There are 2 protein chains.
Amino acid sequence: MLIETDTSVSWRHEQDWGGQQPNHFVGATSTFTGTSRPLTLYEAGEEIFGPASRGQALFQVAFGVARVCSVLNDGRRTITAFHLPGEIFGFEPAGSPFRAEAVEGLGLRMLPLPRDRSLAGELQQVALSRLAAAQEHLLVVGRQTAIERIAAFLIDMGRRQKRSDVIDLPMPRCDIADYLALTPETVCRVFKQLRERHLIDFTSARRVTVRSQGALQALID
Amino acid sequence: MLIETDTSVSWRHEQDWGGQQPNHFVGATSTFTGTSRPLTLYEAGEEIFGPASRGQALFQVAFGVARVCSVLNDGRRTITAFHLPGEIFGFEPAGSPFRAEAVEGLGLRMLPLPRDRSLAGELQQVALSRLAAAQEHLLVVGRQTAIERIAAFLIDMGRRQKRSDVIDLPMPRCDIADYLALTPETVCRVFKQLRERHLIDFTSARRVTVRSQGALQALID
DNA sequence: CGGGAGATTGAGCCCCGTCAAAAACAGTGG
DNA sequence: CCACTGTTTTTGACGGGGCTCAATCTCCCG
């Protein structure tokens, strides 16, 4: 499962990816980006870690998207965060009920931790920014309307993709719904409403064109 | 504002507390509890830190309760966390939009951080547990019903107070509401409902007796 | 062309928010 | 001890935003 050489690749479930490693996103610049570690690949829906398995490593997205979620025993689910190329995740402490999964085809680089699990300075900052992100998301999920949540989501995705005009939504509607604490139906209806107001357009179900960034921003402040 | 000697106390807004430092809660045991640092006192509603002022220190609650919250410009508010005696908070990075305030009369001990803001091993674990708590709270706020949120809140408060039978609620209903992403009215109505079902009783508005811990627990799993 | 997953749309309803008022409570001063 | 005042809590009536259930449509991919 872990890989030895620099160029090797571990194929989980020995599936062929056809050689293409999608590169829709611009990786965030970070001191970790350069380190050319071996890739571990996951197919859509595959588990990266679960409540039981919590490794000694963090994960950096090379390509694709990962989701971190937790589920109630009756199936209700919350997606805590999506992680896009360049981003580092996996700070959830052992024993916490979270799972991480590949949303779509995903390549990860492992960042091993020291034996005592202590985080170096820069990783510590990343961990604290995850805390801030989770807390800010509480405000969105707890106190904003459906249209405000979608607007905030689009703006956030645009910012993280460094494209505010054309935004990829590389996850199904139900994942967006579970991230924003809505239903897939409501996500659809709000998208439709934004389209009818000429704030956005869809070139496909997974790709949005932002027509009026200002009006979108105005929805959330 | 900061204090020098071990026994001195800085009275913010030179208010007299009548000598009593309420001790309703059992402080969490931690290596930090013993360190007898000077207390800083806050009166109800007073700001501990805001988006602009983010110190080089963490805070440990000596007595009272603190809340961390963020507010939209139209007044909608979310309380991210309450902090009870013994608990350490203040990990929010500089520039994040959070405020911390005293819910009621509050005594804090400052834990200064090194110049580079790095966290020692144990503090790092606390920070990561804050991340896990925020993420678990996302599931509560996003996917659970009003009655489930209240039940989860009561159970959590009982656990943190190390009393599962009689639980103090040292904050007003509107704070509970903003913590659970409800309205004060709904909080009231759910309490009433739980009382009518004989799961809880109120000796006063701020003190609950749990009649059936099992039935309460059953509401959330 | 057929099959299946995801996306979209519609109809109806319910939980919880809104608005308003009453009641309980805590101080404060007489 | 009690009247007075402001705050918090509680209760009621009502409406709406988003959920549920179900059908249809679109898009892949074989």
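Mentor: Across the interface of chain B and chain A, 16 residue pairs are in polar contact, both residues being at pLDDT 80 or more; such a contact is a pair of N or O atoms within 3.5 Å, where within protein one must be able to donate a hydrogen and the other to accept it, and residues adjacent in sequence count only if both atoms are side-chain atoms. On the side of chain B that touches chain A, β6 (77-83), α1 (121-143) and α3 (173-180) each supply at least two residues, and α1(B) gives the most, with 15 residues. (Helices, H or I of at least four residues, and strands, E of at least two, are DSSP runs numbered from the N terminus.) By class, that side has 17 nonpolar, twelve polar and ten charged residues, with Ala, Val, Leu, Ile, Met, Phe, Trp, Tyr, Cys and Pro counted as nonpolar, Asp, Glu, Lys and Arg as charged, and the others, Gly among them, as polar.

This is a predicted model, in which local features need pLDDT of at least 70, side-chain atom pairs count only at pLDDT 80 or more, and totals for chains, interfaces and linings use all residues. Residues are numbered from 1 along each chain as its sequence is written, chains are lettered from A and ligands numbered from 1 in the order in which they are written, and side-chain values use heavy atoms, with hydrogens and water left out.

Four salt bridges are counted between chain B and chain A, each a side-chain nitrogen of Lys or Arg within 4 Å of a carboxyl oxygen of Asp or Glu. One of them joins A:Asp178 to B:Arg143, with the closest N and O atoms 2.6 Å apart.
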